[in-house]
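Try each task before you read its solution.

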Amino acid sequence: GLNDVKATLADYFDGIYDSSEDKLRSAFHPDAHIYSATDGTLADFPLDTFVDRVTSRESCSSQGAPRTDKIVSIDFSGPNSALAKVELSIPGTDFVDFLSLMKIDGRWRIIAKTYHADTQT
C-alpha cells in the first residue's frame with residue numbers, strides 16, 4: 001500500500017542524494033525507462049544510462065547540499081499501479097518527476113520516470 005510506495009520513493013531519493021547505485025537499483029525495475037523533453041525533443045534512456053549518470057557525478061551528500069525531496073502526490077489506479085509526483089534537486093538543478101510505479105512480484109518499483117529539469121542560472 002501507501003507505505004510500501006513511500007519506502008520505494010525513499011530509496012529513490014536516497015539514491016539520487018547519495019549517488020547510490022544500490023538504492024537506485026532497489027527503487028527501479030530493471031526494465032525502467034527515463035523520459036524528458038526539457039528542450040522540446042524526446043529523450044528516452046534505459047535505467048543503466050540513468051544509473052551511470054547519477055553515480056558518475058559528485059554526490060549531493062558529499063557536497064553537503066540541502067535535501068529538498070518532497071512527495072507532492074501519490075495516486076493509485078489499481079492495487080498494483082500508482083503514479084507519484086515528486087520534487088527534488090541537485091546543486092544547480094531542480095526536478096519535478098512523475099514516477100510510474102508497479103507492484104511486481106510483491107514489490108513496488110519505478111517502471112518509468114518522466115521529468116522536467118529546471119536549471120538555475
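This is a predicted model: local features need pLDDT of at least 70, side-chain atom pairs count only at pLDDT 80 or more; totals for chains, interfaces and linings use all residues.

**Exercise 1.** Find what share of the residues of the protein chain count as buried.

*Solution.* Start with the cut-off: a residue is buried if its relative accessible area is under 20%.

**Exercise 2.** List the order of the elements from the N terminus on, then decide how compact the chain is.

*Solution.* Begin by counting: the protein chain has four helices and six strands. Read from the N terminus, they follow the pattern α-α-β-β-α-α-β-β-β-β. The radius of gyration is 14 Å, close to the 14 Å from the globule rule for 121 residues, so the chain is as compact as a globular protein of that length. As for its outline, the C-alpha atoms fill a box of roughly 40 × 30 × 25 Å along the principal axes.

**Exercise 3.** Work out how strands E3 and E4 are arranged.

*Solution.* First locate them: E3 covers residues 70–78 and E4 covers residues 81–90. Then check the direction: the two strands run antiparallel, joined by seven bridges. Now look at the turn: E3 and E4 form a hairpin, with two residues between them. Finally, find a facing pair: Gly-78 stands opposite Ser-81 in E4.

**Exercise 4.** How far apart are the mean positions of the positive and negative charges?

*Solution.* Count the charges: there are 12 positive and 19 negative ones. Their mean positions lie 4 Å apart.

Note on methods
Residues are numbered from 1 along each chain as its sequence is written. Side-chain values use heavy atoms; hydrogens and water are left out. The radius of gyration is taken over C-alpha atoms; the globule rule is 2.2 Å times the number of residues to the power 0.38. Buried means under 20% relative accessible area, exposed over 50%, partly exposed in between (1.4 Å probe, protein chains only). Lys and Arg count as positive and Asp and Glu as negative; His and the chain ends are not counted. The place of a charge is taken as NZ of Lys, CZ of Arg, CG of Asp or CD of Glu. Two strands pair if DSSP finds at least two bridges between them.
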